[in-house]
Amino acid sequence: MFEYEMHQMRAAELARQADRQRLVGEARKVRAAARRSARDEAEGPVITPLRKIRFTRTA
């Protein structure tokens, strides 16, 4: 009987672990979708003048 109870506890632990991994995967998908939608918005990145003159022209 003890082995059966150990098996039941292990099976329950594996089910909880699978649920956690599934939630993590869903959260990653949601964050990636949010990043994609934010990137596709009408406003693009702002380029500051410092970035334009960071490197001087070579001869």
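## Helix H1 and Phe2

Phe2 lies in helix H1, which covers residues 2-39 (helices are DSSP runs of H or I with at least four residues, numbered from the N terminus). Its relative accessible area is 60%, so Phe2 counts as exposed (exposed means over 50%, buried under 20%, and partly exposed in between, with a 1.4 Å probe and protein chains only).

This is a predicted model, in which local features need pLDDT of at least 70 and side-chain atom pairs count only at pLDDT 80 or more, while totals for chains, interfaces and linings use all residues. Residues are numbered from 1 along each chain as its sequence is written, and side-chain values use heavy atoms, leaving out hydrogens and water.

## Salt bridges

Searching the whole structure gives 3 salt bridges (a side-chain nitrogen of Lys or Arg within 4 Å of a carboxyl oxygen of Asp or Glu). Let's start with Asp19 and Arg22, whose closest N and O atoms are 2.6 Å apart. These two residues sit 3 residues apart in helix H1, so about one helical turn separates them. Asp19 is partly exposed at 39% relative accessibility, and Arg22 is partly exposed at 48%.

Glu13 pairs with Arg16 at 2.9 Å between the closest N and O atoms, and with Arg20 at 3.5 Å, N to O. Arg16 and Glu13 are 3 residues apart in helix H1, which means a separation of about one helical turn.

How accessible are the members? Each is partly exposed: Glu13 at 29%, Arg16 at 43% and Arg20 at 47%.
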